[in-house]
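My notebook is open and the structure is up on screen. I'll jot down what I look up as I go.

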Amino acid sequence: MMNLIWAALLVISFVCAIVTGRMPELSQAVLDGAENAVGLVIATLGMMCVWTGLMKIAEEGGLTSFLAKLFSPIFCRLFPDYEKDSPAAKAICMNLTANILGLGNAATPLGIAAMEEMQAARSNPLSRTANNSMVMFVVMNTASIQLIPTFMGTLRAKYGSAAPFDILPAVWFASIISLIVGILVAKVMQGRRERERDR
């Protein structure tokens, strides 16, 4: 579907440029966009490498195990399908820690690893249906609290912001509210699903 949307946007842009006689502007915009994309990748690559490496060091140094034990009372309620010391719980902890640090795309590999661990720990690993804990993980991963929006700060600094982290209060407020609402909705839907299954 997304491929069709992008293709339609390209065709519409091309047709509009021909009709309005602005092909030179379109060509220049394409070149500028490509140049800016490469610059943005280089600017964020260093940040992603550093934080991914730090998360690996944290895992090897036992920090994620400590955090998993620290948050085990919360994890037991949110992810009841997994033991607090299981590889799945540690992978979930790593991903949520990366999201709290606001690493953006750098947290994606950790999220994929967590989902793989959650899938492997299931009684039926071949099942293609997400269990309640997987759904809750996706909700928390999507609407996570960001104490330090590192990725967003890097983007703002790249594009000339004098104070790239002056968005912190707004980010904290929005992420806390979205996380609370997401967890509540997921719990309500889980309860509804269990009641329907018990009928």
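**Sorting rule.** Before reading any lining, I noted the classes: Ala, Val, Leu, Ile, Met, Phe, Trp, Tyr, Cys and Pro count as nonpolar, Asp, Glu, Lys and Arg as charged, and the others, Gly among them, as polar.

**Ground rules.** I'm looking at a predicted model, where local features need pLDDT of at least 70, side-chain atom pairs count only at pLDDT 80 or more, and totals for chains, interfaces and linings use all residues. Residues are numbered from 1 along each chain as its sequence is written, and side-chain values use heavy atoms, with hydrogens and water left out.

**Confidence.** I checked pLDDT (the predictor's confidence in each residue, from 0 to 100). The protein averages 80, and 94% of the residues score at least 70. Which helix has the lowest confidence? It is α3 (residues 63-70), with a mean of 70, while α1 (residues 2-20) is highest at 87. My helices are DSSP runs of H or I with at least four residues (strands are E, at least two), numbered from the N terminus.

**Cavity.** Rolling a probe the size of a water molecule over the atoms shows where empty space is left. On a 1 Å grid over the protein atoms alone, a cavity is a set of points where a 1.4 Å probe fits but cannot get out; a pocket is an open set with protein on both sides within 12 Å along at least five of seven lines; lining residues have an atom within 4 Å of a point. Points are joined across faces, edges and corners, and a volume is the space filled by probe spheres set on the points.

How many cavities of 30 Å³ or more are there? I got 1, and the largest cavity has a volume of about 60 Å³. Its lining is F75, C76, F79, Y82, E83, K84, A89 and I92. Helices α4 and α5 each give two or more residues to that lining. I sorted the lining residues into 6 nonpolar, no polar and 2 charged.

Next I looked up the largest pocket, with a volume of about 360 Å³. It is lined by 16 residues, and F71, F75, L96, I100 and M140 are the closest to its centre. Helices α4 (72-78), α5 (87-100) and α9 (168-198) each supply at least two lining residues, with α5 giving the most, 4 residues. By class I read 14 nonpolar, 2 polar and no charged. F75 turned up in the cavity lining too.

**Helix α2.** At 1.5 Å a residue (times one less than the number of residues), the 38 residues of α2 (residues 23-60) should span 56 Å, and the end C-alpha atoms are 55 Å apart, so that agrees. I also found a kink of about 30 degrees centred on T44; the bend is the angle between axes fitted to the seven residues ending there and the seven starting there. Just after α2, G62 takes a positive phi of about 90 degrees.

Buried means under 20% relative accessible area, exposed over 50%, partly exposed in between (1.4 Å probe, protein chains only). In α2, T44, M47, M55 and A58 are buried. V50, also in α2, is partly exposed because its relative accessible area is 49%.

Then I moved to α7 (residues 132-142), where M134 lies. M134 counts as buried because its relative accessible area is 4%.

**Last check.** The C-alpha atoms of V138 and G111 are 27 residues apart along the chain and separated by 8.7 Å.
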